[in-house]
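Dear colleague,

My notes on what was found in it follow directly after.

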Amino acid sequence: MQRRRDGKASKNRDRFTEQEKWSRINHSKRSVGRHEVRSWTTAAKQSLCLMWQKVQLMLSMSFLVAVCWYCRRLYSFLAQLLKRWSNYLQRKLIRNLSVLTEVDLLGYSVREWKGETKQAKHMREAYEELFWSCHIKYLRQVRKDNYSVLRAVLFQIFSQGIPFPSWMKERDILKLPEKLLYSQGCNWIQQYSFGPERYTGPNVFGKLRKCMETLKTNWIEISATKDHEERGNLCNTLFSDESKEHKLYEAIKFIMLYEVVEAYEQIKNREEPTHNLFSLLLARDSSSDPLSFMMNHLNGVGDSICLDQVELFLLGYLLEVKIRVYRLHRFNTEEFQVNYPEEYRREWNEISLLTEDDRYYHIPLFRT
């Protein structure tokens, strides 16, 4: 009995041992399965993280590329816009500029005087004479209107920084319009015409004063500018403003009229005028007195006529400059080179003009 019990107990122990063994094996399998699941989960999470990081990197790179492309397009657009605006301003300035930039003298003559006509050959020979004998290598074209000679003269005076004439420094030229009316009783000044504007009336004195102010202010400012490039820029700005330009020329016309009135009064009082050119000017039938001089000559300047030869003498005298004019249509004659006035002081500055017909004038530039 005892052996039978012991055998059963042994069998029971063996069975429990075997069950425990299988239980451990099953537990181990389950542990391994759970570990494998965790490993796969971790690996999947890591893969997803890596993929997300790659996606973020790709998105960042794409964004940077897009930003660079946009900036490049924006830069290109702004550059084109700036270039177009610059070209527009340059074209507008050139279109408005009444004195153009310099061009080659002989190239200009070939372009302007083509063909084999007698006149064309004559003009080309005259230009060649200027180039080889007078050392004039370049030319600045001046707008062809009835202010041409006044424009060419004043542009050179300003661009060279020539100071105010001595007699203008001694007088207040702003008061000349009122002085002409109240001191000398010239009521007819109300018939003064401002070139193409053809303005007359009681407000003529106010308009003349504005013209005188424009002349004095710009002359003093530009002549005080010592830097040549800066002075050139000021001249280009001034001579691209038609309104200011016309005020300059009308001021010069009025100064010419004022001096003629004074010379006429001296002659009437049997006094010697300050210069004999006034006697020459008043000896003409069309300008025997200041009124006829204004009506027949000055009023049309800027509108239908320009200054003639006698008036150029007066212009040079009043501005205290020697005006040397190369008259190409008078080539091979004694009148090819003419000075206005013929008598001048040594201290006067010299400016040069070039004309093909005594009507329109250009500015010659010398190079040695």
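Ala251 touches Cys211, Met212 and Leu215, leaving out residues up to four places away in sequence; contact here means heavy atoms within 4.5 Å. Ala251 belongs to helix α9, where helices (H or I, at least four residues) and strands (E, at least two) are DSSP runs numbered from the N terminus. With a relative accessible area of 0%, Ala251 is buried; buried means under 20% relative accessible area, exposed over 50%, and partly exposed in between, with a 1.4 Å probe and protein chains only. The C-alpha atoms of Ala251 and Ile173 are 9.6 Å apart, although 78 residues separate the two along the chain.

The model is predicted: local features need pLDDT of at least 70, side-chain atom pairs count only at pLDDT 80 or more, and totals for chains, interfaces and linings use all residues. Residues are numbered from 1 along each chain as its sequence is written, and side-chain values use heavy atoms, with hydrogens and water left out.

Helix α7 (residues 204-223) has 20 residues and spans 28 Å from its first C-alpha to its last, close to the 28 Å expected at 1.5 Å a residue; the expected span is 1.5 Å times one less than the number of residues. The buried residues of α7 include Cys211, Met212, Leu215, Trp219 and Ile222. Among the elements covering the buried residues of α7 are α4 (148-159), α8 (228-238), α9 and α12.

The largest nonpolar core has 76 residues, and those with the most contacts inside it are Phe158, Ile189, Leu257 and Leu315. A nonpolar core is a set of buried Ala, Val, Leu, Ile, Met, Phe, Trp, Tyr and Cys residues joined through side-chain atoms within 4.5 Å. Helix α9 (residues 242-268) gives the most to this core, with twelve residues. Apart from this core lies another, of 17 residues, among them Tyr127, Cys134, Leu139 and Tyr326. Beyond its neighbours within four places in sequence, Phe158 is in contact with residues including Leu215, Trp219, Ile222 and Leu248.

Helix α2 (residues 105-112) and helix α3 (residues 118-133) pack at an angle of about 175°, with their axes 9 Å apart; axes are lines fitted to C-alpha atoms, for helices over the stretch in contact, and angles run from 0 to 180 degrees between N-to-C directions. The two helices are therefore roughly antiparallel, a term for angles over 145 degrees, while those under 35 count as roughly parallel, 65 to 115 as roughly perpendicular and the rest as oblique. Leu105, Leu106, Tyr108 and Ser109 of α2 make this contact with Arg124, Tyr127, Glu128, Leu130 and Phe131 of α3.

Arg327 lies in strand β3 and counts as buried, at 6% relative accessibility. The side chain of Arg327 makes a polar contact with the side chain of Asp358 (2.5 Å). A polar contact is a pair of N or O atoms within 3.5 Å; within protein, one must be able to donate a hydrogen and the other to accept it, and residues adjacent in sequence count only if both atoms are side-chain atoms.

Some backbone details may also be of interest. Arg270 has a positive phi of about 60° although it is not a glycine, and at 81% relative accessibility Arg270 counts as exposed. Glu320, also not a glycine, has a positive phi of about 55°, but Glu320 is buried, with a relative accessible area of 16%. The peptide bond from Tyr340 to Pro341 is cis, with omega near -10°.

Yours sincerely
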